[in-house]
Amino acid sequence: MSNKIVVPVVLVLVATLGAFFAVNSQLTSLQSSPAQSQSLGAISIQFASAGLEAASQGQANGQGQGNGQGHTTTGTITNVVVRFTKVEIHAANSTGNDGWTTLNVPETIIDFTQSSSVSTIINGASLPAGKYNQIRLFADHVTISMRSGENLIQRTLNIPSGKIEVPITPSGFDLAQSGTVNVTLTFTFNANELAHNPKNMTPVVKAQVA
């Protein structure tokens, strides 16, 4: 009588253990799937500065005529500090606001006055493999310092729309699975614009891919 009870119990235990190992094997297979790991690449982004345009700095030192708003302050630009809050990159096969991916970056403050300054803001961030054609930088304001005679003047300017859109010319770049791409964004500032415009400024930014 006891044998008839034990056998069904053993069969149930075997079936249960078999199902457990089958499910566990499937989970392990999913976690180690090559398709998941190989579908990503890595991107690094650096900020570099070309400094202030020499000709524009000469104009800033001159006797400016203002901008129609009664603002005639002139002087030599000594610092250009930009605070960035976010970076996004756009997939080339998307249109409009679709296809933007946010790259995690801490709030970054950079002085672009020196042409030798280079700052890495994103180092090896994971990104889905594919083709990308544009980078969007978000910056809430710019602080400039300007020396006029013996006085040091500081002014806060805005970047229109709070962002800078940088096309990756001529046709973007391809990020391969498990590949890496380095992008250097070089900023050039117009000293005349910084000195004479009391509200807004727009740097010229070019992207170079390596």
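Which residue lies over the face of Trp 100? Select Trp 100 and look above its ring: Arg 136 is there, at 3.8 Å from the ring centre. A charge counts as sitting over a ring if NZ of Lys or CZ of Arg is within 6 Å of the ring centre and within 35 degrees of the ring normal. Now pick Lys 86 and Phe 138 for another case, where Lys 86 lies over the ring face at 4.5 Å from the centre.

Before you go on, a word on what is on your screen. This is a predicted model, in which local features need pLDDT of at least 70 and side-chain atom pairs count only at pLDDT 80 or more, while totals for chains, interfaces and linings use all residues. Residues are numbered from 1 along each chain as its sequence is written, and side-chain values use heavy atoms, with hydrogens and water left out.

**Stop 1: the whole chain**

Switch to cartoon view. The chain has four helices and eleven strands; these are DSSP runs numbered from the N terminus, helices being H or I with at least four residues and strands E with at least two. Of its 210 residues, 34% count as buried. Buried means under 20% relative accessible area, exposed means over 50%, and partly exposed is in between (1.4 Å probe, protein chains only).

**Stop 2**

Zoom in on strand 1 (residues 40-52) and strand 10 (residues 180-189): nine bridges pair them in the parallel sense. Click Phe 47, and you will find Leu 185 as its bridge partner in strand 10.

**Stop 2**

Rings of Phe, Tyr and Trp (its six-membered ring) pair if their centres lie within 6.5 Å; planes under 30 degrees apart count as stacked, over 60 as edge-to-face and the rest as tilted. By this rule there are nine aromatic pairs.

How are the rings of Phe 84 and Phe 112 arranged? Their centres are 6.1 Å apart and their planes at 80 degrees, so the pair is edge-to-face. Phe 84 belongs to strand 2 (residues 76-91) and Phe 112 to the loop between strand 4 (108-111) and strand 5, so the pair ties together parts 28 residues apart in sequence. Both of these residues are buried.

Next, turn to Phe 84 and Phe 187, an edge-to-face pair with 5.9 Å centre to centre and 65 degrees between the planes.

**Stop 3: the nonpolar core**

Show side chains for Ile 45, Phe 47, Leu 137, Leu 185 and Phe 187. These have the most contacts inside the largest nonpolar core, which has 44 residues. Such a core is a set of buried Ala, Val, Leu, Ile, Met, Phe, Trp, Tyr and Cys residues joined through side-chain atoms within 4.5 Å. In soluble globular proteins, nonpolar side chains tend to be buried together.

**Stop 4: strand 8 and beyond**

Select strand 8 (residues 163-167). Ile 164 and Val 166 are on its covered face, while Lys 163, Glu 165 and Pro 167 are on the uncovered one. Five bridges join strand 8 to strand 6 (residues 130-148), and the two run antiparallel. Look for Gln 134 opposite Pro 167.

Follow the chain into the loop between strand 8 and strand 9, where Pro 170 lies. A cis peptide bond joins Thr 169 to Pro 170, with omega about 0 degrees. Move on to Phe 173 in strand 9 (residues 173-175). Is Phe 173 buried or exposed? At 6% relative accessibility, Phe 173 counts as buried.

**Last stop: two serines**

Pick Ser 161, in the loop between strand 7 (151-157) and strand 8. Its phi is near 65 degrees, a positive value in a residue other than glycine. Ser 178, in the loop between strand 9 and strand 10, also has a positive phi, near 65 degrees. Most residues other than glycine have a negative phi, and most peptide bonds are trans. Ser 161 counts as exposed at 66% relative accessibility, and Ser 178 counts as exposed at 53%.

Key. Pairing = 2+ DSSP bridges.
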